[in-house]
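User: I'm new to this one and would like to walk through it bit by bit. Could you show it to me first?

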Amino acid sequence: MTTNDFNKIHFIGVAGTGMSAIAQYLAGIGKIVTGSDRYFVDGKLNDTGVKLLDCGINCFEQDGSGISADVDLVVVSTAIEDTVPEVLKARALHIPIVKRSRLLSIIADERKTIAIGGTSGKSTTSAMLFDIMTKAGYAPGIISGAGLVSLIKENKIGNSAVGNGEWLIIEADESDGSIVEYHPQIGLVLNIDKDHQEISELEDIFNTFKKNTKELFIVNDDNVYTKKLSSDSQYDFSSDINSGAGYIAGNYVQNKLTISFTINDYLFSMQTIGKHNMENAAAAVAVAHQIGISLATCSEALKNYEGIYRRHQLLVKKDDIYLIDDYAHNPVKCASSIRACQQIAPKLIAWFQPHGYGPTRFLKNDFIAEITSALREEDEIWMSEIFYAGGTAEKNISAKEITDAIAANHKKAFFVSDRNDFFNLVRPHLTNECVLLLMGARDPSLEDFAKQLAKEL
């Protein structure tokens, strides 16, 4: 199958970041695209729906009304169950149904593709590389899992651009195993940490991704599991000068909301935070340099990097209190986010809403260990109850089990079941020079929650 084999495509669950990105891309190359979502109710669209409509994508409730006999292809994500009315209608009409990842692999096969994999940092690194290649005149396309602030400013969702160059940047997702479907010219692996699957399963998946990469494979030499993939890869990146990697990042300095560092002794500075973003930049630069972009151009591009949606996004600063919103949702990401924000102020208060009862149960001990390790004596972690996205999950775990265990490890941890009670309870804990960090994923109402806190602050 190629994109020439279909003209009208319907996306079930189109408001999801991965789905909306592909939908916009296909609309951008002239396809007729429609979509539905369970968040489009009572004839009202959320912000994502409005922006999809602006792109020419008609949106419907998830009731089957958007599917007609002239639809050539129906696209579903892994979150869409077989009992959804639209799936049943598509089958009754004998319309082919494909997973999002399968459609993305079809699109990727038609461009020179750079596939970015890893359990953390994919969206950020994709955005950095997009900015570098755009600055260098490559006019790349991108299909990402998060909106680039530079594109959001154009009143777009920001997670997709067609580009008129030959290169396409995509995120290769390991969480559902779909990374094995891609056959990119360049494959990049940022890290491998426990998230959705056990390490052994992830290693198998990334090994297959490596075998499927056609021309150039680049890995992070700092991560113990990705390092195993580097034995015969052409180029590595690292922050360890003794690693022997081809691209070495070092001399890291963070000053409030700005970081500076070197890559192969060339100076970089960025308006972002966290050592992990130095590593993401090193990955993006390694790819860019290998396709012919100078380190000077890379540095100039990243100097103006504006970030991506909900990745250490500063919402407001009031009386030396910083409110920062972040997408962190697995143990390593939460710990990295906490450590990055600790460099801004002497006290940090983090709030976290886990998503999914199964993932939280699977990662419970890792959350306890990573967050306990990251917190300083003066820091605090607050958690609200697990976000339930629907389905048949057993609700046999509570976020309170995590906060209780962290408190037992002599760190300041609090549980507030209803997040709407959070601000009134935390207000007395806010002091001068303090960071209030919000963390969580998958829940589309988190943005509104963060905006409300910004008003109350």
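User: Is Ala139 buried, partly exposed or exposed?
Analyst: This is a predicted model, where local features need pLDDT of at least 70, side-chain atom pairs count only at pLDDT 80 or more, and totals for chains, interfaces and linings use all residues. Residues are numbered from 1 along each chain as its sequence is written, and side-chain values use heavy atoms, with hydrogens and water left out. Buried means under 20% relative accessible area, exposed over 50%, and partly exposed in between (1.4 Å probe, protein chains only). Ala139 has a relative accessible area of 25%, so the label is partly exposed.

User: What is the phi of Ala139, and where is Ala139 found?
Analyst: Most residues other than glycine have a negative phi. Ala139 is not a glycine, yet its phi is positive, at about 45°. As for the place, helices (H or I, at least four residues) and strands (E, at least two) are DSSP runs, numbered from the N terminus. Ala139 belongs to the loop between α5 (122–135) and β7 (141–143).

User: Then what about Arg310: buried or exposed?
Analyst: Arg310 also has a positive phi without being a glycine, near 60°. You'll find Arg310 in the loop between α10 (295–303) and β16 (313–318). Its relative accessible area is 4%, so Arg310 is buried.

User: How far apart are the C-alpha atoms of Lys317 and Leu457?
Analyst: Lys317 sits in strand β16 and is partly exposed, with a relative accessible area of 44%. Along the chain, Lys317 and Leu457 are 140 residues apart. Their C-alpha atoms are separated by 9.0 Å.

User: How many aromatic pairs are there, and which kind do Phe209 and Phe217 form?
Analyst: Rings of Phe, Tyr and Trp (its six-membered ring) pair if their centres lie within 6.5 Å; planes under 30 degrees apart count as stacked, over 60 as edge-to-face and the rest as tilted. The structure holds nine such pairs. Phe209 and Phe217 are 6.1 Å centre to centre with 65° between the planes, which makes the pair edge-to-face.

User: In the pair of Tyr266 and Phe268, which residue is buried?
Analyst: The two rings are 6.2 Å centre to centre, with 65° between the planes. Tyr266 has 35% relative accessibility, so Tyr266 counts as partly exposed. At 1%, the buried residue is Phe268.

User: Which ring does the charged end of Arg311 sit over?
Analyst: A charge sits over a ring if NZ of Lys or CZ of Arg is within 6 Å of the ring centre and within 35 degrees of the ring normal. For Arg311, the charged end is 4.0 Å from the centre of the ring of Tyr327.
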